[in-house]
Amino acid sequence: MFQTIVTSAVLYLATAVDLIVILLIFFARAESQKQVRDIYIGQYLGSLILIGMSLFLAYVLNFVPEKWILGLLGLIPIYFGLKVAISGDSDEEEVEERLDKSGLSKLVKTVALVTIASCGADNIGLFVPYFLTLNISELFIALVVFIILIYLLVFTAQKIVHITGIGEVIEKYSRWVMAVIYIGLGSFIIYENNTIQTIVSFF
């Protein structure tokens, strides 16, 4: 149980590091409690949609008969890790563009769409293979951890938005934190499913 909590927390925080920068942009423009509330709702909406999609794909892939084949999904996090390390993962311009276009009037929808657009591919690419390594009770624990951390992520962004320099520091180092954890997770998934051992045994 403890390992599941820690692994789930590390995984979610790795996917959310760059999202803090995006949330800082939203909170910097928020001028009322309603807009702050809308940011929370939009973040939950976008995140839960991605988690739901990941659960569905994990359920479908669970019917793949050979476990070692599922281990190949570990290549997806490794790919994202290398991609982030080499080219970065910045979505701030897209956020600014969406905000300039729709303003704050449709904030829930804007936050949800930006969350899905900026995190969709890598979140699903990480969550699906991770969910496949869990049994039912572990999966439930992981989902509870995710739901709690979504709130803590938004709350943290709300509190640090006015601290000078914090956003720049997060933006500067987030890509390396993400890259290390993505690659580590991908390697763990490949190892956990005996993928390399099985492929080697073919020769």
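Which side chains meet in a salt bridge at 3.4 Å, N to O? Those of D38 and R37 do. Here a salt bridge is a side-chain nitrogen of Lys or Arg within 4 Å of a carboxyl oxygen of Asp or Glu. This is a predicted model, where local features need pLDDT of at least 70, side-chain atom pairs count only at pLDDT 80 or more, and totals for chains, interfaces and linings use all residues. Residues are numbered from 1 along each chain as its sequence is written, and side-chain values use heavy atoms, with hydrogens and water left out.

**Confidence**
- The protein averages a pLDDT of 75 (the predictor's confidence in each residue, from 0 to 100).
- A score of at least 70 is reached by 72% of the residues.
- Helix α7 (residues 136-160) has the highest mean pLDDT among the elements, 89.
- Helix α5 (residues 92-102) has the lowest, 53.

**Fold**
- The protein has 9 helices and 0 strands.
- Helices (H or I, at least four residues) and strands (E, at least two) are DSSP runs, numbered from the N terminus.
- Contact means heavy atoms within 4.5 Å.
- Among contacts between residues at least 6 apart in sequence, 88% join residues at least 24 apart.

**Salt bridges**
- The count comes to 2 salt bridges.
- K34 and D38 lie 4 residues apart in helix α2 (residues 33-61), so about one helical turn separates them.
- Buried means under 20% relative accessible area, exposed over 50%, and partly exposed in between (1.4 Å probe, protein chains only).
- K34 is partly exposed, because its relative accessibility is 49%.
- R37 is also partly exposed, at 46%.
- D38 is buried, at 6%.
- Shared partners join K34, R37 and D38 into one network.

**Core and surface**
- A nonpolar core is a set of buried Ala, Val, Leu, Ile, Met, Phe, Trp, Tyr and Cys residues joined through side-chain atoms within 4.5 Å.
- The largest one holds 46 residues, of which Y12, L23, F26, F27, I39, F127 and F131 touch the most other members.
- Two or more residues come from each of α1 (2-29), α2, α6 (107-131), α7 and α8 (166-192).
- The largest share, 12 residues, comes from α1.
- F127 touches L11, Y12, T15, I51, S54 and F146, leaving aside residues up to four places away in sequence.
- Of the 203 residues of the protein, 47% count as buried.
- The accessible surface is about 10700 Å² (Shrake-Rupley method, 1.4 Å probe).
- Carbon and sulfur atoms account for 69% of that surface.
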